Amino acid sequence: MLPERANLHIALTFLQFCYAGNHIFLRIALDTGVSKLIFPVFRNITALVLLGPLAYFSEKKDRPSITTYCVVHFFLLGLVGITMKEGFYLLGLEKTSPTFAAAMQNSVPALTFLMAALLRYESVHFNRIDGVAKVLGVLASVGGATIITLYKGPVIYSPRLGFNQEQYLTMMGDTPGKDWNLGGIYLFCHSLCWSGWIVMQAFVLKIYSAPLTVSAFTCFFGVVQFLTIAAFFEKDSKAWQFNSSGEIYSVLFSGVVTSGLASAIQIWTIGKGGPVLASIYLPLQTLLVAVMASIIFGEEFFLGGIIGALLIIFGLYLVVWGRSQETKTLREVIVPLDSNNHWEERSDAFSLNQPLITAQSS
């Protein structure tokens with residue numbers, strides 16, 4: 001069996017494959033004319049059907065009692081992490097494109113790092129090499145993903161296109177008439193909600209140590225909130241019907257993989273590695289989207305993609321190395337005594353604090 005640290009990094013990498021695929025399937029769903037209010041309802045109902053039984057049976061014996069305080073936090077997780085996060089993303093994606101949406105998500109690690117540092121979930125020691133490494137790693141990862149998006153450079157790989165570039169841009173949503181400024185605001189709000197959701201999950205796990213149950217309740221409240229909004233604003237009854245197989249596949253992928261499996265993996269990685277480590281892998285998603293677009297849609301791969309990929313990998317390495325050095329330093333501080341002298345030191349301290357013969361009261 002692999003050590004827990006290896007499993008953690010494998011899970012975080014797999015998580016980005018899930019999110020990268022979601023960009024493609026969600027764009028397909030929007031292109032078919034699916035309602036932006038109805039789609040999240042079906043998506044999260046699908047995820048709840050998966051997470052509910054899984055959480056009930058797997059954490060049945062270890063699940064803490066649910067208090068009103070916990071329910072309030074579950075409701076807020078659903079509001080921030082599902083209703084607001086997914087809502088802003090759908091609005092922003094409609095106004096821009098999947099490529100631009102993936103680029104905006106690269107602000108999540110920096111925002112999460114800032115929130116976690118301010119709330120003291122993540123320690124930052126600028127006078128130590130591990131602290132500097134973590135900061136530089138976050139900046140390198142975000143910078144690498146930004147280069148992939150904004151800088152092309154010479155063509156490195158040029159596949160044979162089955163359609164021209166204009167058709168590709170239309171398929172990916174890069175069509176004229178978009179409101180890029182408003183879409184950028186929506187997507188920044190989406191990134192802000194995502195960062196807040198990650199930090200909130202770290203807090204909730206401290207008071208309720210059942211990650212699958214937390215994910216299931218988050219999804220439940222997300223369904224209730226989206227269902228309420230959709231019932232109030234969506235007046236067309238036909239919007240609740242599936243019109244194509246593309247919509248069904250998109251709902252299944254987004255519900256089972258992204259909202260179900262990925263949410264469970266994300267909250268597990270947050271509990272094991274903290275909010276910053278869980279978010280630092282997000283720029284890898286931009287690289288995966290670029291590779292998928294090249295393979296699936298025949299998009300040319302440019303030098304900027306190579307440079308950005310190297311920066312992302314280097315940034316991930318810096319953060320992981322910085323955290324390992326920080327953990328090593330903490331262990332040296334907590335256990336400064338040599339093992340041979342540990343009992344002698346403990347015995348001396350005990351003899352000074354506790355009398356050998358206690359005085360009897362008369």
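**View A. Helix α3 passes helix α8 in a left-handed crossing.** A crossing counts as left-handed if the near helix is turned anticlockwise from the far one by less than a right angle, and as right-handed if clockwise. The model is predicted, so local features need pLDDT of at least 70 and side-chain atom pairs count only at pLDDT 80 or more, whereas totals for chains, interfaces and linings use all residues. Residues are numbered from 1 along each chain as its sequence is written, and side-chain values use heavy atoms, with hydrogens and water left out. Helix α3 (residues 68-95) and helix α8 (residues 180-207) pack at an angle of about 160 degrees, and their axes are 8 Å apart; axes are lines fitted to C-alpha atoms, for helices over the stretch in contact, and angles run from 0 to 180 degrees between N-to-C directions. That angle makes α3 roughly antiparallel to α8, a term for angles over 145 degrees. The contact of α3 with α8 is made up of 22 nonpolar, 6 polar and 2 charged residues, where Ala, Val, Leu, Ile, Met, Phe, Trp, Tyr, Cys and Pro count as nonpolar, Asp, Glu, Lys and Arg as charged, and the others, Gly among them, as polar. Helices here are DSSP runs (H or I, at least four residues), numbered from the N terminus.

**View B. The largest cavity holds about 250 Å³ of space.** A cavity is a set of points on a 1 Å grid over the protein atoms alone where a 1.4 Å probe fits but cannot get out, and lining residues have an atom within 4 Å of a point. By this rule there are 2 cavities of 30 Å³ or more, a volume being the space filled by probe spheres set on the points. The largest cavity is lined by 23 residues, and Y19, R43, K85, E86 and T258 are the closest to its centre. At least two lining residues come from each of α1, α2 (38-58), α3, α8, α9 (211-233) and α10, with α3 giving the most, 5 residues. By class, this lining has 7 nonpolar, 13 polar and 3 charged residues.

**View C. The second largest cavity contains about 30 Å³ of space.** Its lining consists of L26, F39, P40, R43, E86, Y89 and L90, and the elements that give two or more of these residues are α2 and α3. The lining of the second largest cavity divides into 5 nonpolar, no polar and 2 charged residues.

**View D. The second largest pocket has a volume of about 280 Å³.** A pocket, by definition, is an open set of points with protein on both sides within 12 Å along at least five of seven lines. The second largest pocket has 12 lining residues, of which R5, L8, K272, L277 and R323 lie nearest its centre. Two or more residues of this lining are given by each of α1 (4-31), α10 (245-273) and α13 (303-334), and the largest share, 5 residues, comes from α13. The lining has 3 nonpolar, 4 polar and 5 charged residues.

**View E. A47 belongs to helix α2, and I66 to the loop between α2 and α3.** A47 is buried (under 20% relative accessible area, with a 1.4 Å probe and protein chains only), at a value of 0%. The C-alpha atoms of A47 and V251 are separated by 9.7 Å, although these residues are 204 residues apart along the chain. I66 is partly exposed, with a relative accessible area of 38%, partly exposed being the range between buried and exposed, the latter over 50%. The C-alpha atoms of I66 and Y208, 142 residues apart along the chain, lie 8.3 Å from each other.

Terms used
Parallel < 35°, antiparallel > 145°, perpendicular 65-115°, else oblique.
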